[in-house]
Amino acid sequence: MLIQSSGIGKGARMYSQGLIGASHEETETPEFLKAFQRRIDAEEKIEPNDPMPEAYRKTLIRQIGQHAHSEIVGMLPEGNWLTRAPSLKRKAILLSKVQDEGGHGLYLYAAAETLGVSREEMTEQLLAGRAKFSSIFNYPTLSWADIGAIGWLVDGAAIMNQIPLCRCSYGPYARAMIRICKEESFHQRQGYEIMLTLCRGTAAQKAMAQDALDRLWWPSLMMFGPHDSDSAHGEQSMKWKIKRFTNDELRQKFVDATVPQAEFLGLTVPDPELRWNEATGHYEFGAPDWDEFWRVVKGGGPMTRDRVAARRKAWEEGAWVREAALAHAAKRKARDAAAKTAAE
Amino acid sequence: MSNETPLWEVFIRPRNGLAHRHCGSVHAADATLALQAARDVYTRRGEGFSVWVVPSAAITASDPVSKSEMFEPAETKIYRHPTFYDIPDEVGHM
C-alpha cells in the first residue's frame with residue numbers, strides 16, 4: 001500500500017523525515033511495551049514511523065530538543081570573541097566552529113522533528129524558558145583563553161557524551177550524532193592548541209589559561225548532569241538504550257582523559273581532592289558544587305537571562321525575513337501558475 | 001497558509017559515479033533558499049558536488065505498518081540468490 005503524503009499539518013501522514021504534526025496513537029498494552037523492549041534489546045534501530053511508547057517519544061523530544069538548543073545557544077559565548085580573536089587565522093577557525101555549532105543544531109532539530117514536534121514549537125519553548133540547554137552555556141566567556149578552554153573541555157565533554165549517542169536506539173538521532181562527532185574533533189583540538197599556545201607564551205598568557213581552567217573545570221564536570229542517584233530519567237533511558245553510560249561513568253571517563261592533558265599544558269586542575277588511584281586505574285576527584293548546578297539548571301545561571309534574550313532578539317528581528325521569504329515564494333508560485341494557465 | 005517554513009529533504013552525491021544519498025532535511029521558503037541552506041548545512045567539508053532538494057511533502061513512501069505485506073514476498077524467494085544453487089567445485093568459478 002502506498003500513501004501519498006499530503007503536506008505538513010495536523011494529521012498529515014508522511015513517511016519520509018517530515019513527520020511534523022503526524023498523529024501517533026499507540027495503545028500501550030503490556031504486550032506492546034514488551035515487544036518494543038525486545039526490539040531495543042535486539043539492538044534494532046527505531047525509525048520515525050515505527051510504533052513507540054509515548055514516554056520514549058517524549059524523552060527523545062526533550063533530550064534532542066535540549067541538545068539542539070545547546071548547540072544554538074552555544075554559538076553565543078564563542079560568538080562573543082569573533083571580533084576580538086587575536087589573529088585572522090584564529091578568527092577564521094572560530095567562525096568555522098561557530099558555523100558548525102549552528103549546523104549541529106539544525107541536524108538535531110531535524111532529528112527531533114521526525115518525532116512530531118515542529119522547529120517553531122521547539123524554538124518557542126526555548127524562548128519562553130520552558131526548554132533547557134546545557135548548563136555550561138550559562139557561564140560567560142571572559143577572556144580569549146576561555147575560547148581555548150571551551151574547545152578543550154566543553155567540546156571534550158560533549159564528545160564524551162556524544163560518542164555513545166551514535167549508538168542510540170533512535171535512528172535519526174544516532175545518525176545526526178555520527179555526523180556531529182566527526183566534526184566535533186576539530187573543535188576540541190583547536191581549543192587545546194589555543195591553550196598550548198598560551199601556556200608556551202608569556203607568564204601573563206599562561207596565567208590567563210590557568211584562570212580559564214579554574215573557572216571552567218567544575219562547570220565542565222557538571223555538563224554530564226546530576227549524580228546518578230539524582231538523575232530523573234537515567235534508568236529508563238539506559239533501558240531504552242537512549243543512553244549507554246550513566247552520568248557518573250561519563251564524568252569519570254572525562255576526568256581520566258583530561259587530567260593528563262592539563263599536566264602536559266603545565267596547568268593545575270582546581271581540585272584539591274584530585275589523585276590518581278593506582279589500584280582502580282582511575283582518578284579520584286571531588287564533587288562539583290551541586291547547589292550551583294541546580295541553580296543554573298533552574299535558570300539562575302550568570303548568563304541565562306542574556307542567552308535567552310539574545311535568542312529572542314534574533315528570532316524576533318528575523319521574523320520579517322522569514323515572512324518575506326514565504327511571501328516571495330507564494331508570489332512566485334502564483335505567478336508561475338498564472339503563466340501556465342495563460343499558456344494553455 | 002501555515003506560517004511554518006516548509007521542509008525539504010536533502011540528497012547529496014559525494015562524487016561522480018555515486019548516487020545521490022539522502023543526508024537530512026532543511027527548512028526553506030523556496031527551492032533556491034533550500035539549496036543554499038543544504039549547501040551550508042550539509043557540505044561544509046567537501047561532502048559533495050551535487051545537491052538535490054525535494055519538498056518533503058512531495059515524497060510518497062511505503063507505509064511502515066504494511067511492511068510485511070510489502071517486503072515479505074522477497075524473503076521467501078531464496079532461489080533468487082546465487083548461493084541457492086549447488087555447482088560442483090570441479091566446474092570452477094561461476
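Guide: This is a predicted model. Start with two helices of chain A. In H6(A), A:Trp144, A:Ala145, A:Asp146, A:Ala149, A:Ile150, A:Trp152, A:Leu153, A:Val154 and A:Ala157 meet A:Met208, A:Ala209, A:Ala212, A:Leu213, A:Arg215, A:Leu216, A:Trp217 and A:Ser220 in H8(A). By class, the residues of this contact are 14 nonpolar, one polar and two charged.

Visitor: What makes A:Asp146 and A:Arg215 charged here, and A:Ser220 polar?

Guide: Asp and Arg stand among the residue types counted as charged.

Visitor: What describes the packing of H6(A) and H8(A)?

Guide: Two packed helices are described by an angle and a distance, both taken between their axes. For H6 (residues 144-165) and H8 (residues 203-222) of chain A, the angle is about 35 degrees and the axes are 9 Å apart.

Visitor: Is the crossing of H6(A) and H8(A) left-handed or right-handed?

Guide: The crossing is right-handed. That label applies if the near helix is turned clockwise from the far one by less than a right angle.

Visitor: Why is A:Leu274 called partly exposed?

Guide: The relative accessible area of A:Leu274 is 21%. Buried means under 20% and exposed means over 50%. A:Leu274 falls in between, so the label is partly exposed.

Visitor: Where does A:Leu274 lie, and which residues is A:Leu274 in contact with beyond four places in sequence?

Guide: A:Leu274 sits in the loop between helix H10 (247-265) and strand S2 (275-277) of chain A. Beyond those sequence neighbours, A:Leu274 contacts A:Val255, A:Val259, A:Val269, A:Tyr283, A:Glu284 and A:Phe285. A:Val259 is 15 residues away along the chain, with 9.2 Å between the two C-alpha atoms.

Visitor: How many helices and strands does chain A have, and what share of chain A is buried?

Guide: Chain A has 13 helices and three strands. Of its 344 residues, 51% count as buried. Its C-alpha trace spans about 80 × 50 × 35 Å along the principal axes.

Visitor: Now chain B. How does its radius of gyration stand against that of a compact globule?

Guide: A compact globule of 94 residues would have a radius near 12 Å, but chain B has 21 Å. The C-alpha trace of chain B spans about 65 × 35 × 15 Å.

Visitor: What is the order of elements in chain B, and what share is buried?

Guide: From the N terminus, the order is β-β-α-β-β-α. Buried residues make up 30% of chain B.

Definitions and conventions:
Residues numbered from 1 in each chain as written. Chains lettered and ligands numbered in written order. Predicted model: local features only at pLDDT ≥ 70, side-chain atom pairs only at ≥ 80, totals over all residues. Heavy atoms only, no water. Axes fitted to C-alpha atoms, helices over the stretch in contact; angles between N-to-C directions. Contact = heavy atoms within 4.5 Å. Rg over C-alpha atoms; globule rule 2.2 N^0.38 Å. Buried < 20%, exposed > 50% of the residue type's maximum accessible area, 1.4 Å probe, protein only.
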